[in-house]
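Please read the points below with the sequence and the model open side by side.

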Amino acid sequence: MDTESTHSGYSYHSSRSGRSNRHGDRSRERHKASSSKDGTRSERSVVIQPPDTPSLDSPVHNGEPLPGEPTSTADQEDEGQDDNWGETTTAVTGTSELSISQEDVVGLGKEMQDRTRGFRRYLPLAVGSCVALMVLATPLAFLLLPVLMWPDRLQACGAACEGLFLSIAFKLLILLMAMWALFLKPGRASLPRVCVYRAFLTTLTLLLTMSYWLFFGVRILDAQDEDYHGIVQFAVSLVDSQLFVHYLAVVLMELRHLQPCYTACVIRSTDGETRQYNIGQLSVQKAALSILEYYYRDFPLHNPALLSASKHRAAKHLAGLKVYNVDAPGSTAGAQPGNGNQSRAMVTAASKRKDSAHNELYYEEADYERRVRKRRARLVVAVEEAFTHVRRMKKEDEQATPSDIMDVREAALAIFPSMARALQKYLRTTRRQHCHSMESIQKHLAFCLVNNMSPKAFLEAYLAPGPTLQYGPERWMADQWTLVSEASVTGGIKEGSEFLLKCLDFSLAVTIKGIPYIRLTEEFIDPKSHKFILLLQSETSV
């Protein structure tokens with residue numbers, strides 16, 4: 001009977017299902033062969049049967065049938081399933097000893113990224129150090145190699161060479177300090193592509209140095225030139241060329257972008273916070289780096305808790321709506337008119353509630369502002385009382401013995417409990433309690449007491465959200481940024497350029513607009529046009 005039911009069920013399937021069944025039989029045979037070789041490894045391996053393939057040997061894991069495994073009562077229901085079972089069926093499998101989960105692959109990628117992060121950060125510094133060492137060592141090699149290889153044949157040049165030696169020494173010292181200030185410094189950020197100007201200047205420096213080395217090897221080393229004065233002048237010309245290359249580097253990398261040419265409009269995606277910045281002629285990745293530096297300085301800290309109010313209001317509005325299915329199979333013809341009337345009543349009530357949504361928003365915002373003002377007033381009073389107590393204790397400490405004088409840290413810990421409750425309630429009301437820890441508040445309080453600040457100066461850090469840099473890096477919520485741009489990131493920005501800076505929780509949309517050309521004219525005003533005559537009547541009324 002089982003064989004007949006199996007063949008009858010198989011006849012209703014398509015050719016595609018038949019091929020899948022044959023493939024399942026071959027996989028089961030391979031599984032049996034492998035399980036006979038290694039029993040311990042196959043204990044956690046599970047063979048999943050397709051839903052449309054009934055079998056006498058149902059797979060069992062730890063003595064229990066798998067979830068969703070078809071039983072004898074469900075064999076007839078399997079015949080009505082579609083052929084695309086592989087796309088609509090969830091298979092539960094075991095984990096073998098040699099398998100690797102997706103979490104392990106992601107963790108491996110993160111470990112490799114963390115290892116290469118430091119390498120990418122210090123690679124430009126290492127390349128710059130090597131190029132600087134070669135630039136400084138080449139003129140000295142030009143001066144020392146003839147002296148070491150054929151000293152007896154060189155012509156003495158006297159005071160002229162000594163003056164050139166002094167010139168080379170000071171020029172190399174200036175060049176060393178200039179390269180240290182411009183190139184030999186750690187990078188501020190890791191850019192996705194190489195800086196075009198930096199790569200161009202490095203290549204130009206290498207070409208210049210190799211050209212001088214080629215000329216020195218052919219014309220001086222091979223010929224063993226005896227004119228040492230000419231060799232020294234050759235080294236001086238190399239140092240002069242390197243100084244001009246460094247001047248070009250200063251113009252391209254430091255001076256070119258100082259003149260503002262464009263205005264960047266930066267919009268934060270979550271709350272719509274907007275800033276405008278003037279920038280110069282930069283590449284897309286350099287402009288993104290400058291905007292991120294401005295962001296940490298000017299934008300208030302991103303607070304996702306402030307966005308939950310609108311989501312809660314929308315969820316509350318949706319929760320008040322009910323959907324009725326008047327065409328349900330269980331509904332009768334006599335009950336349908338009543339359900340229709342009830343549905344129309346619910347739709348009418350929902351529309352009225354929608355019309356009053358602005359009133360709910362108005363009263364909700366008014367109540368929130370009232371609670372914030374109330375919490376703020378309590379906080380201000382508590383802080384002022386605490387600072388007044390500190391001033392009174394300070395006067396008493398002037399008359400006390402040195403052993404009884406409290407430290408600033410101890411004074412901050414002593415007065416903190418008197419304002420902690422009011423401060424905690426205010427931060428919870430404004431949804432900024434996660435931005436300030438108790439340790440940071442006590443540290444700020446001790447700083448204000450040391451510098452004799454007022455209560456208002458202490459409260460300024462908590463009454464209004466500050467810039468992102470005011471808080472610790474663990475609360476920035478933006479550790480790694482992704483630059484999304486249709487144009488090449490190494491190309492320069494232009495009118496209408498748009499790119500996106502994405503992080504984990506939000507993104508910054510940047511739009512570039514050109515600064516308009518301003519035509520300023522002058523209008524001359526004749527100084528004589530401001531003169532007038534005042535006529536007074538000699539007769540006065542009596």
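1. Leaving aside neighbours within four places in sequence, Ser497 is in contact with Val510, Thr511 and Ile512, where contact means heavy atoms within 4.5 Å. Ser497 sits in the loop between strand E5 (482-485) and strand E6 (498-502). Helices (H or I, at least four residues) and strands (E, at least two) are DSSP runs, numbered from the N terminus.

2. This is a predicted model, in which local features need pLDDT of at least 70 and side-chain atom pairs count only at pLDDT 80 or more, while totals for chains, interfaces and linings use all residues. Residues are numbered from 1 along each chain as its sequence is written, and side-chain values use heavy atoms, with hydrogens and water left out.

3. Is Ser497 buried or exposed? Ser497 counts as buried because its relative accessibility is 15%. The cut-offs are under 20% relative accessible area for buried, over 50% for exposed, and partly exposed in between (1.4 Å probe, protein chains only). The side chain of Ser497 also reaches the backbone oxygen of Lys494, at 2.9 Å.

4. Which cysteines are joined by a disulfide? Cys157 and Cys161 are, with an S to S distance of 1.4 Å; a disulfide is a pair of cysteine sulfur atoms within 2.5 Å. By this rule the count is one disulfide. The torsion about the S-S bond of Cys157 and Cys161 is about -135°, so this disulfide is left-handed.

5. Cys157 is partly exposed at 23%, whereas Cys161 is buried at 1%. Elsewhere, Cys130 is exposed, with 54% relative accessibility, and Cys265 is buried, with 15%.

6. On the surface, Leu166, Phe170, Leu173, Leu176 and Met177 form a nonpolar patch with about 510 Å² of accessible area together. Patches take residues with over 30% relative accessible area and no salt bridge, joining like charges within 9 Å and nonpolar side chains (Val, Leu, Ile, Met, Phe, Trp, Tyr) within 5 Å. A salt bridge is a side-chain nitrogen of Lys or Arg within 4 Å of a carboxyl oxygen of Asp or Glu. Leu176, in helix H6 (residues 159-182), is partly exposed at 37% relative accessibility.

7. The protein chain has 15 helices and seven strands. Of its 542 residues, 27% count as buried. The accessible surface of the protein chain is about 37,300 Å², and 57% of that belongs to carbon and sulfur atoms. Accessible areas come from the Shrake-Rupley method with a 1.4 Å probe; for residues, only the protein chains shown count as cover.

Definitions and conventions: A polar contact is a pair of N or O atoms within 3.5 Å; within protein, one must be able to donate a hydrogen and the other to accept it, and residues adjacent in sequence count only if both atoms are side-chain atoms.
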